[in-house]
Amino acid sequence: MDSTSVLKFVSPTIKTTSFYRVFSLPITRKLRNYGYKKSSDVVRVSAESTSSDRFSDPKWKTKFQDDFEDRFCLPHLTDIFDDVVANAIPSTFCLKSRRPVTEYFADGYLLDEKWNGYVNNNDRVLQKVIHFSSPTSAGAECIDPDCSWVEQWVHRAGPREKIYFKPEEVNAAIVTCGGLCPGLNDVIRQIVITLEIYGVKKITGIPFGYRGFFDDGIPEMSLSRKVVQNIHLTGGSLLGVSRGGPNISDIVDNMQKRRINMLFVLGGNGTHAGADAIHNECRKRRMRVAVVGVPKTIDNDILLMDKTFGFDTAVEKSQRAINSAYIEAHSAYHGIGIVKLMGRSSGFIAMHASLASGQIDICLIPEVPFHLHGPHGVLRHLKYLLETKGSAVVCVAEGAGQNFLESINSRDASGNIILGDIGVHVQQETKKYFKDIGLPADVKYIDPTYMIRACRANASDGILCTVLGQNAVHGAFAGYSGITVGICNTHYVYLPIPEVISYPRNVDPNSRMWHRCLTSTGQPDFI
Ligand SMILES: Nc1ncnc2c1ncn2[C@@H]1O[C@H](COP(=O)(O)OP(=O)(O)O)[C@@H](O)[C@H]1O
Ligand SMILES: O=P(O)(O)OC[C@H]1O[C@](O)(COP(=O)(O)O)[C@@H](O)[C@@H]1O
Ligand SMILES: [Mg+2]
């Protein structure tokens, strides 16, 4: 396959809002997925397949930045309603006083103070903080063949001094979709508490994901600080979750019927695709509605963020399973422990859990192909480990090695491909291999998936959920819609939904983190 055909092949799946996107990270990752492992390859491929005079334009950086700014511009009620600017009011979210504040404002500021703690609409956060000097640097993400540095700014999250909804007119709803994830209750709690601080009285919980908009048999839940006060002390979602559900038009019909004008949507890529479609449908119908997402993905597979809530907890909770596998393996004669961890298409949990434990000899993730059999295969290395160390522990992400499994050819209610069980497969192949070669091996398999997912959030996720939940409400009051919240280089940001879900975020096999994992496990390439 020549380089041009690679680009042609990948381009339909990529949003090409402009030429400059060709050199941006999404394609870099996509190309790597198609066998171009080094950044140098990526740049070479890209450079060959586009006219090089683009970069000889002295203004290309400015154009790139303008394009970036356009893509990351946040949809706002003022885009479609002319009168909302005039109707914006000083924020009712008071940072400094417990008194009712509206009467103390003049032009949005407390009369006696210059500082008010609000975030200016023009505040920005730098999206990329490393200047890679060469495309061959580990994990390099280059936008041109020289790996030039171009500042890429995204919008800072937080309370604004002007708000576009009168709290007494707000009819807020919260919905949690997809699979469970530690921290869902923490986010629900913070959204409710923050809405109440703004002065909102009508807050509804939509039960069981998008399904709850449709099924009249499932009663909605009225939410208040009193109801949510202690919900973060348990895992799961107070509202329930589900996959699949009604079409967008039916959801928006239902929102209209219920007069919902602020919708907070907690979920992963699928949920966010739904949230963006709801936002667009509301615009089409000229509804004054703010739709704001909070990314929930235990797999950590959403783009542009340091991490998503629940991920830290998942890594922490994995430690018990890994340690148990280690103890079992270590205590047996020729013991092999295998642990399967979540990660449909991204191996972040497996990689981080392996790094954290220091007890893993082999970490297998979807992003890095491997052989089980053969001279360089996993099984041959396990034999070596038994002979040299006496035991071994394997951590495998659920999406790894799917090429070894017969495709089940079915999808869940949301359209996600149902994966084969790679953990069971590795266990069975390991047992068979050692039986065949006549070497005793005591193989133990642990799958802690649902025990991990159902846990309550740990302290660091608890903080992340708190900030994200609060910022979601600030974003809605600020008049944004079709946005989501995230943490970017330790700062909190708002991002347009399409930018974070254009494809799943993956572990970069050329990143320092994956290399660190390899250093820690000591595993060779299994190819
Ligand atoms: N492309 C899409 N457009 C609209 N809704 C979607 C889309 N993909 C998934 N959904 C809906 O979003 C919800 C959650 O999706 P799912 O894939 O199960 O979880 P996650 O949000 O964690 O990826 C489901 O109700 C599903 O029907
Ligand atoms: O059993 P379920 O509900 O289909 O969930 C399994 C999936 O849930 C996850 O934990 C997270 O998936 P979502 O982000 O789609 O909720 C995946 O890692 C896993 O494949
Ligand atoms: Mg998903």
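The structure is a predicted model, in which local features need pLDDT of at least 70 and side-chain atom pairs count only at pLDDT 80 or more, while totals for chains, interfaces and linings use all residues. Residues are numbered from 1 along each chain as its sequence is written, and chains are lettered from A and ligands numbered from 1 in the order in which they are written.

The domain assignment of the protein chain gives domain 1 (162-307 + 457-488) and domain 2 (311-455 + 510-521); such bounds come from an automatic or database domain assignment. The C-alpha centres of domain 1 and domain 2 lie 35 Å apart. Their contact takes 19 residues from domain 1 and 18 residues from domain 2, two residues being in contact if their C-beta atoms, placed from the backbone, lie within 7 Å. On the side of domain 1 that touches domain 2, the residues divide into 5 nonpolar, 9 polar and 5 charged. In this division Ala, Val, Leu, Ile, Met, Phe, Trp, Tyr, Cys and Pro count as nonpolar, Asp, Glu, Lys and Arg as charged, and the others, Gly among them, as polar.

Ligand 1 has 20 residues around it, of which Gly178, Gly268, Gly270, Gly274 and Ser414 come nearest; a residue is near a molecule if its C-beta atom, placed from the backbone, lies within 6 Å of it. The shell around ligand 1 consists of 4 nonpolar, 15 polar and 1 charged residues. Its largest share, 6 residues, comes from helix α9 (residues 269-284). Helices here are DSSP runs (H or I, at least four residues), numbered from the N terminus. At least three residues of the shell around ligand 1 come from each of domain 1 and domain 2.

Axes are lines fitted to C-alpha atoms, for helices over the stretch in contact, and angles run from 0 to 180 degrees between N-to-C directions. Ile248, Ser249, Ile251 and Val252 of α8 meet Gly274, Ala277, Ile278, Glu281 and Cys282 of α9. These residues divide into 6 nonpolar, 2 polar and 1 charged.

Helix α6 (residues 184-198) and helix α15 (residues 459-477) pack at an angle of about 40°, with their axes 8 Å apart. The two helices are therefore oblique to each other, and α6 passes α15 in a right-handed crossing. Among the residues that make the contact are Val187, Ile191 and Leu195 of α6 and Leu468, Ala472 and Val473 of α15. By class, the residues of the contact of α6 with α15 comprise 9 nonpolar, 6 polar and 1 charged.

The axes of helix α10 (residues 311-331) and helix α11 (residues 348-357) come within 9 Å and cross at roughly 60°. α10 and α11 are therefore oblique to each other, and their crossing is right-handed. The contact includes Phe311, Ala314 and Ile322 of α10 and Phe348, Ile349 and His352 of α11. The contact of α10 with α11 has 8 nonpolar, 5 polar and no charged residues.

Notes. Parallel < 35°, antiparallel > 145°, perpendicular 65-115°, else oblique. Left-handed = near helix turned anticlockwise from the far one by under 90°.
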